[in-house]
Amino acid sequence: MLKLFLSLYVAVFTSIVIINQVSEAIWTHWVHSAPDELRHAKTIAHTLKSSISPNSLPKESDTIKILDMDDVAWLPEQASTLKQGGILTSFDDTGSAWLTFKIPASTLLLQLGPLAPATSATNKQWLIKLLSYAVLAFLLMLWIRPLWLDLLQLRYITECLAQGQVPKTTRRSRFSAISNLTEQIYHLASQVARLIENQKLLVNAVSHDLRTPLARLKFALAMLPENSREQGNDMADDVLEMEAMIDEMLAYARLEFEVKKLELIPLSLNELVQDQISKLSKLTDKQVSFQGSCDEIILLANPHYLSRAIQNIVQNADKYGNSTIMIRTESDKKHAYIQVEDDGNGIPKSQWESVFVPFSRLDASRSKGGGGYGLGLAIVRKIATWHKGNCHVGCSTELGGAKFTFILPLAHHTNLT
């Protein structure tokens, strides 16, 4: 932070000094030294004033007039200037200038003119200002360029990390104020990318190497003699539970890599929800009610993963509800909402976020009767994140149990790039 502040301060300070020096030089040599008849005449008037007296007056002509001070109705300020020996500038009807000064030791005045007025330097002033701003922008651009290059490197690193790739060696700019940060993020991204690659290898190893001994174990249990059949059945149930757990864990692990090939198509939300309700009705004895939105809700989503997310929420309501499940769909200008409520015991407020954490279950005992492995709702949250949506839980005001709300952007507001 200190390095960034000091480099910016030095850049701005140097820019201001350079701009001031250049502007002053331009004004002196281009504007102030430009031909100016009135300014030149003032110099002559000062010289003439110091060299004449009442006894040595020049002859009157078209450019020189001699008059008495009392013959003109001067303004108080003008009279004061003349009496103090100053040179008064006045203008006639044609816009020409006259220089008037009092001849020492007399009441006579000497006028020089008519003189062309000084030309306006407004345009030149604005031009110098614009040039100053342009120079400032250029100098600041020189300071920003190394910083911008490092920011491009950071974007490249994050893109590689999002694709699970190890970023190539980055080129740091030694003039950038965040070069050290870029290098640290590069090393961090490389480490994370290696961890992701190790996770892929672990998933592949588990999916192939662990299933083989489980299959042999199932075969051995099936070959047990009749007198050991009861104990063998219990062991076979444990093996099946292990297989189901491995399948669930592998499915969740694979989700990390599926987002790269996520295909999105327009979908009707009501049709998708009704399809899941139809499947649930064949497997449950609970009363399932559906309140679909009157308006057609179109989403840009992946049908397979969105169906799975809705299925997980509905099955969760079926597992923990007592007798009634209520499903509702609605939308506003930007988002669609799927609300699933049950009449179970609900979820304590302190656990509302914990239920979406992988391998997290409200039942700390993790008994067989509890069911599940704490991955269903984690999968729901992950799929919602893929679609730039969200999922959260609260209390049902109608049924008294849990209320899950799945939020998704509508098709015309979806931007996954």
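View 1. Leu 149 belongs to helix H4, which covers residues 122–162, and helices here are DSSP runs of H or I with at least four residues, while strands are runs of E with at least two, both numbered from the N terminus. With a relative accessible area of 33%, Leu 149 is partly exposed, a class that lies between buried, under 20%, and exposed, over 50%, for a 1.4 Å probe with protein chains only. Together with Ile 144, Trp 148, Leu 151 and Leu 152, Leu 149 makes a nonpolar surface patch of about 430 Å². Such patches consist of residues with over 30% relative accessible area and no salt bridge, with nonpolar side chains (Val, Leu, Ile, Met, Phe, Trp, Tyr) joined within 5 Å and like charges within 9 Å; accessible areas come from the Shrake-Rupley method with a 1.4 Å probe, and for residues only the protein chains shown count as cover. The model is predicted, so local features need pLDDT of at least 70 and side-chain atom pairs count only at pLDDT 80 or more, whereas totals for chains, interfaces and linings use all residues. Residues are numbered from 1 along each chain as its sequence is written, and side-chain values use heavy atoms, with hydrogens and water left out.

View 2. Ser 15 sits in helix H1, residues 2–32, and is buried, with a relative accessible area of 2%. Apart from neighbours within four places in sequence, Ser 15 is in contact (heavy atoms within 4.5 Å) with Leu 136 and Leu 139. Ser 293 is found in the loop between E6 and strand E7, residues 298–301, and is buried at a relative accessible area of 17%. When residues up to four places away in sequence are not counted, Ser 293 touches Asn 270, Thr 329 and Glu 330.

**View 3. An open sheet of five strands.** The strands follow the order E6-E8-E9-E11-E10, with mixed pairing, where two strands pair if DSSP finds at least two bridges between them. Strand E6 (287–291) and strand E10 (390–395) stand at the edges with a single partner strand each, so one side of each has no neighbour in the sheet. On average, and ignoring direction, neighbouring strands of this sheet are turned by 15° against each other; axes are lines fitted to C-alpha atoms, for helices over the stretch in contact, and angles run from 0 to 180 degrees between N-to-C directions. E10 pairs with strand E11, residues 402–409, in the antiparallel sense over six bridges, and Thr 405 in E11 is the bridge partner of His 392. Helix H9 (residues 376–386) packs on the sheet, where it touches E10 and E11, and its direction makes about 130° with that of E10.

View 4. Glu 341 and Arg 328 meet in one of them at 3.2 Å, N to O, linking strand E9 (residues 335–342) with strand E8 (residues 324–331) across 13 residues. Both partners count as buried, Glu 341 at 2% relative accessibility and Arg 328 at 13%. Arg 328 also forms a salt bridge with Glu 398, the closest N and O atoms being 3.1 Å apart.

Technical notes. Salt bridge = Lys/Arg side-chain N within 4 Å of Asp/Glu carboxyl O.
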